[in-house]
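Have the model open as you read.

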Amino acid sequence: SGTANGFLMEVCVDSVESAINAERGGAGRIELCCNLLEGGLTPSTGLLQVVKESVRIPVYVMIRPRAGDFLYSDWEAEVMKRDIEQMKIHRADGLVFGALTEDGRVDTELCMELLAASRPLPVTFHRAFDMVHDSAVALEALISLGFERILTSGCDSSALEGLPVIKRLVEQAKDRIVIMPGGGITERNLQRILEASGSQEFHCSARSSKDSTMKFRNSNVSMGGSLSIPEYAVKVADVTKVRTLNAIAKNIL
């Protein structure tokens, strides 16, 4: 399941409900994280366990200890290794991470250690790729390291803006690594992105806002401090959106 005419849709989710909806809508893979508002961080093992009990499609787990850049301290690197061990114990099907040096290159040393910890699971290098100094050089580094795929918006604000770069990366990669466009992919632009890029996989969140079922509400308090996030609304993967994206991918060929 999940491969529509050779296209594979990966949906990033941060809840069990979203994971179930992604599978129902025809997704072929889940990228599991928490805090999608911060671009996705390492999810809890509890979340992974319940998601694995609730869906059959492969679940790739994000290993990202904090929001912000991808330059990690020794402590953070150690946390990432421990998280990888835990996710393997709890039956992750694959892992997703990325690490850079201060000058915007792939941190090959740390990646090598994390990849060793991940074996035998397949690994995706995430959108840390979009923060590299030279994408052509970074691509070769990731192929040499043995990553299975790269999630990228073409080093731009969205996959649509980054299309020329994504196309170039797909051509450079030939079939040595999967290039998976992601970042702002919607029903409105998916066809254009798939046709122009030549990619076989794509990544989206396909979410819509869902109002909280809380009846009592305290509008004076926000859990995020001054960075106010709507306290009584949840964003959830929408079955209809996932189905629509899947149908668009199916109809391209």
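Predicted model: local features only at pLDDT ≥ 70, side-chain atom pairs only at ≥ 80, totals over all residues.

|---|---|

Of its 28 lining residues, Cys12, Gly39, Arg127, Gly183 and His203 lie nearest the centre. Two elements each give two or more residues to the lining: strand 9 (201–204) and helix 8 (239–250).

Now for the interior. Nonpolar side chains tend to be buried together in soluble globular proteins. Here the largest nonpolar core has 67 residues, and Phe97 and Phe147 touch the most other members. Helix 5 (residues 135–145) supplies the largest share of this core, with six residues. Leaving aside residues up to four places away in sequence, Phe147 touches Phe97, Cys111, Leu115, Val123, Thr124, Phe125, Leu142 and Ile177. Another core, of six residues, lies apart from the largest one and includes Cys12, Leu36, Tyr60 and Val96.

Which residues of helix 4 (residues 108–118) are buried? They are Leu110, Cys111, Leu114, Leu115 and Ser118. These residues sit on the same side of helix 4 because they cover an arc of only 135° around the axis. Exposed Glu109 and Met112 are on the face turned away from that buried side. Among the elements covering the buried residues of helix 4 are helix 3 (74–89), strand 5 (94–97), strand 6 (123–125) and helix 5.

Conventions. Residues numbered from 1 in each chain as written. Heavy atoms only, no water. Core = buried A, V, L, I, M, F, W, Y, C linked by side-chain atoms within 4.5 Å. Buried < 20%, exposed > 50% of the residue type's maximum accessible area, 1.4 Å probe, protein only. Helix = DSSP H or I, 4+ residues; strand = E, 2+ residues; numbered from the N terminus. Contact = heavy atoms within 4.5 Å. 1 Å grid on protein atoms, 1.4 Å probe; cavity = no way out; pocket = protein on both sides within 12 Å on 5 of 7 lines; lining within 4 Å. Arc of directions from axis to C-beta.
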